[in-house]
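Here is my note on the model, kept to the contacts of one chain. Please read it with the structure open.

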Amino acid sequence: MPLLQVTGLSKRFGGFVALDGIDLAVAAGERVGLIGPNGSGKSTLVNCICGTLVNETGTVRFAGEVVDGLVTHERTRRGMARSFQLPRPFGTLTVADNLRVPLLYTVNARRRPALRGAELEARCIELLMLVGLAEKAANLPRDLTQVEMRKLELARAMAAEPKLLMADEAMAGLSQSEVDDIVTLLIRLNERGITIVLIEHIMRAVMRFSQRLVVLVSGKKIADGQPETVVRDPVVERAYLGQ
Amino acid sequence: MGLSLDLLINAVIAGILLGGFYTAVTIGVSISFGILDIVNIAHPAFIILGSYIAYIVNQSFGIDPIVISLLMMPAFYVLGAGVYQIYYEAFERHGQESLRGLSFFFGLLFVTEVILILVFGVDYRYVEAWYIGPSWHLGVMDFPLRMLVPCVVALALFAALELFLSRTFIGRAICAVAQDQLALRLMAASPTRIKRIAFGISIATTAVAGALLIVIQPVEPSVGRDYIGRVFAICVLGGLGSLPGTVIGAMLLGIIESFTSTFYGPSWAPAVAFGVLLLTLAVRPAGLMGR
Amino acid sequence: MQNGIFLLVSLVVAALVFFAARALNNDYIFFAGYTVLQFIVLATAWNILGGYTGYVNFGSAAFFAMGAYASVFFHKLYPLPIPVLIVIGGIVSGVVGLGTGYLTLRLRGAFFAIATLALAVVLQTFVVNWDYVGGSRGAYIIRPNQSPLTGPYIHYLFLLMLVLVVLALACARSIERSQLGYGFATIRDDELAAEASGVPTLRLKLIATTLSGALMGMAGAPFPYYIGYLQPSSAFGLEYAVNSIAMPMIGGTTSWVGPLIGAVLLGSLQQIATVTISSAVNLLIVGLLLVGFVIIAPSGIVGLVQHGWPRRSAK
C-alpha cells in the first residue's frame with residue numbers, strides 16, 4: 001500500500017484549471033522528484049495534498065486513510081510535512097523556538113509522555129545541528145542568510161517527525177555547493193526512513209536525488225518513472241527540458 | 001397578515017432607491033477592499049466629511065449639494081492618493097498590513113469623527129435643494145425625489161466607473177493589479193502608482209456619496225459608524241471585486257432594510273446589515289458574483 | 001518568576017496600592033483610579049487577542065457593555081453580589097466572543113475585525129430597543145453608600161477592579177510563557193506555516209476570542225454600580241474601542257507589560273485632560289497618538305525600550 005495516494009485530483013481557480021486529474025502514488029521510503037515548468041501546478045499540488053487548498057475532485061489517501069476532510073494541522077499530525085517555496089519562518093520567535101512549535105504541537109500531540117523542558121531543548125539543538133544552524137539558535141529569522149532560512153524551513157518541517165516530507169523548491173537561489181549540501185541532507189533524512197517528494201527546478205539536484213521522476217505540465221502529469229527514462233522521453237523534452 | 005399592496009409596493013420602491021444610494025456609498029470600498037485588498041474601514045469617515053463639506057458650501061452659497069460634490073471630487077482624489085501613500089510607506093511595503101493597517105484606518109475613522117464633533121458639535125445638519133421635499137407620484141407608487149435623485153446619480157457614478165475600469169488602460173491596469181503585479185510591471189506600469197490612483201478614485205467617490213447622504217438624511221458625526229457594517233455587508237454579499245455585484249448587493253440590502261423598517265420599525269435597521277453580513281460570511285463568503 | 005509567585009507578588013502590590021489610596025483619603029483618587037484600572041483590564045484583554053494572535057477586535061465596547069447590561073438585568077430581576085455579577089458578565093461576553101469567532105474566524109482576519117465593529121452597533125441597537133434594561137432612556141442603579149468590607153462603596157469597587165487587574169495580568173503573563181503563547185505567536189507571524197507545523201489555529205483563535213471577550217465582560221459588570229446611571233451611548237461609547245486598541249499599541253503588544261504601561265499612561269493622561277480640557281479633545285489626542293504610534297513606533301513603548309527606534313527591514 002503506498003504511503004501517499006493521490007487519485008483524480010483537480011483544482012480550479014475561477015476559470016483557470018490549475019490541476020487536471022492528477023494521479024500520484026508514493027511508496028514508503030521512496031525519493032520522488034517532481035518537476036515541471038513555472039505555473040504547471042507543482043506548488044498547488046503540494047497545497048492540495050497538505051490541505052492548505054481544497055481540491056474540487058479527487059482523493060488524497062495517506063497511510064491508507066482518506067484525508068480529504070481534514071484541515072492542514074490534522075494532516076501534519078498524521079505525518080505529512082512540507083516546507084514552503086518562499087521560507088515562512090515565525091518572525092518574532094528565535095530560530096530554536098521556530099523548531100519548538102512543531103515539537104509542541106505535532107510531536108507532543110502524538111506521544112506520551114510529552115517532550116518537556118530539557119528534553120525539548122535537546123531535541124531543538126539536535127535538529128539545528130542536523131542542518132548546521134546550531135550557532136544561530138538564539139537569533140531571529142531576519143538575521144539569517146538565504147541558505148540558512150531554507151535550512152530552517154527544512155528543519156522546521158523535520159521537527160514534526162513526518163513520515164512524508166514535501167520539499168517545495170528548497171534550493172532556489174543557492175550556490176552549487178549549497179545545493180549539494182541540501183541534497184545530501186535530504187538523502188540522509190531519507191535513509192532514516194522519511195519518504196521525500198522533492199519539487200525542484202535544478203536538474204542536477206533532481207537527478208542526483210530522485211529514485212523516481214514525475215513531470216507536471218499545465219496541470220497534467222505527463223511522465224512518471226525512472227529518472228533516466230523520463231529525461232529522455234521526447235514528450236518531456238518538448239514540454240519542459242527543451243527550455 | 002393584512003398587508004396592503006400599496007405598502008408592499010412602496011416598501012420595494014423605497015428599498016430600490018435606498019439600494020441605489022448604498023451603491024454610491026459602497027462603490028469606493030469595492031475598489032479599495034474588493035480590488036486592492038485594503039481594509040479601509042475609515043471609508044465612512046470620508047463620506048461624512050463629504051457630507052459636511054456639502055453642508056458648509058450649501059449653507060454659505062446655496063449651491064446644490066450634488067454639484068458641490070462633483071466639484072470636490074478632485075480634492076478628495078488627492079486626499080485619497082495621499083492617504084494611500086502613507087499607508088503604503090508605513091505598512092504595505094513591509095508586509096504588515098493586517099493589525100497595524102487596520103488600526104491606522106480605525107484611528108483615521110475615529111479622529112475624523114472627533115474633529116467633526118469638535119468643529120460642528122453633535123447637532124444634526126441638513127442641506128437644502130429643490131428636490132428635498134417633493135415626491136413624484138405614479139399611481140399608488142411614491143418616489144420621494146430626495147431618494148430618487150441620489151439613486152439616479154449613484155447609478156450614473158457606477159456606470160461611469162464600470163466603463164472606466166473596463167475600457168481605459170488605467171482602469172484595466174487597476175483590475176489587473178489585484179491579480180498579477182508581475183505582468184503589470186512588464187507592461188511598464190508601476191503597481192504602486194496604479195494602486196494609488198485606484199485608492200484616490202475610491203476616496204473621490206466618497207465626496208459624491210457624502211453629498212447624497214446629506215440629501216437623504218440629516219447628518220451628525222457618528223452617522224458614519226452605522227455605515228461600516230452596511231458597506232462591508234454589501235461588498236461581501238455582492239462578491240468582492242465585482243462592481244455589478246456591488247449594485248446587486250446594495251439593492252438587496254436596501255430592500256431588506258426597507259421591509260424591516262416598514263414592518264418592524266426603523267430602529268432595527270443597523271442590525272439588518274450585520275445579520276446579512278454574518279449570514280453571507282457563514283454561507284457563501286465569495287458572495288453572489290465573487291471571483 | 002513562576003506563575004504562582006507572580007500572582008502572590010501582584011496581590012501584594014495591589015494591596016499596597018489599595019492601602020496607599022486609603023491613606024491619601026481623597027475619594028477622587030478612587031473614582032479616577034477605578035477608570036484607570038478598568039482600562040488596564042480592557043487593554044490586557046484586547047491584547048490577548050490583538051497583540052498575541054494579531055486579530056483585531058474593534059468592538060471592545062460591545063463586550064464591555066454586555067457585562068454592564070447583564071448586571072443591570074440582574075439588578076432589576078434579582079440583585080446579586082457584584083463578584084457573582086462579574087462571573088456572569090464574563091460568561092455572557094465570553095460566549096458572544098466565542099460565537100463571533102466561530103462565525104468569522106475561518107475567514108480572513110479582516111472579516112473578523114469588521115464583524116466586531118458591526119457587532120458593537122448591532123448590540124447597541126438591541127439594547128436601545130430593550131425596555132427592561134431601560135432602552136434608550138437608560139437605567140438607574142442605586143448603589144449602597146457603604147459596603148461591609150471597606151466602608152465607602154467606591155473603595156469596594158476599586159478593590160474589586162484591583163483584583164480583576166491582577167487576574168487579567170496573571171492570565172496574560174501565564175499565556176505568554178506557555179505553549180498556548182507560542183501557538184498564538186505563530187498565528188500572528190504566519191498562520192499558514194502555523195497550520196503546517198501542527199498548530200490547531202482555529203481552536204486557539206477561539207480560545208483567544210473567548211478569553212478576551214470574557215475579561216472585557218468582567219470589567220464591565222461593576223460599571224453600572226460605579227456610574228449610577230447607565231445609558232447605551234455611554235456603555236457602548238467609542239472611547240472604549242479606541243482606548244482598548246490605543247493602550248496596547250502604544251504600550252507594546254508583544255508582552256503583558258505593554259497594555260499595563262499604555263493603560264496607566266494614557267488612562268491617567270485622559271483623567272487629567274478631561275478635567276482640564278474637554279473630553280472630546282482628550283479623545284482626539286488618544287486617536288492621534290494611536291495613528292502616530294502605529295506609523296512610527298509599531299512596537300510601542302516596550303519596543304522602544306527594548307530595541308530603540310525601529311529599523312525598517314527592507315522587503
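How many residues of chain C are in contact with chain A, and how many of chain A with chain C?

1. This is a predicted model. In it, 18 residues of chain C are in contact with 25 residues of chain A. On the chain C side, α7 (179-189) and α8 (191-196) each supply at least two residues. The largest share, six residues, comes from α7(C).

2. Next, the make-up of that side. The side of chain C that touches chain A has seven nonpolar residues, eight polar and three charged.

3. Now the contact with chain B. Here 40 residues come from chain C and 37 residues from chain B. Four elements of chain C are listed as giving two or more residues to this side: α4 (82-104), α5 (109-128), α12 (238-251) and α14 (279-296). The largest share is that of α5(C), with 14 residues.

4. By class, the side of chain C that touches chain B divides into 30 nonpolar, eight polar and two charged residues.

5. Helix α5(C) also has a partner within its chain. Helix α3 (residues 60-77) of chain C packs with α5(C) at an angle of about 25°, and their axes are 9 Å apart. The two helices are therefore roughly parallel, as angles under 35 degrees count as such.

6. Which residues make the contact between α3(C) and α5(C)? From α3(C) come Ala61(C), Ala62(C), Ala65(C), Met66(C) and Tyr69(C). From α5(C) come Leu119(C), Ala120(C), Leu123(C) and Val127(C). The contact has nine nonpolar residues, no polar and no charged.

Methods: Residues numbered from 1 in each chain as written. Chains lettered and ligands numbered in written order. Predicted model: local features only at pLDDT ≥ 70, side-chain atom pairs only at ≥ 80, totals over all residues. Contact = placed C-beta atoms within 7 Å. Nonpolar A, V, L, I, M, F, W, Y, C, P; charged D, E, K, R; others polar. Axes fitted to C-alpha atoms, helices over the stretch in contact; angles between N-to-C directions. Parallel < 35°, antiparallel > 145°, perpendicular 65-115°, else oblique.
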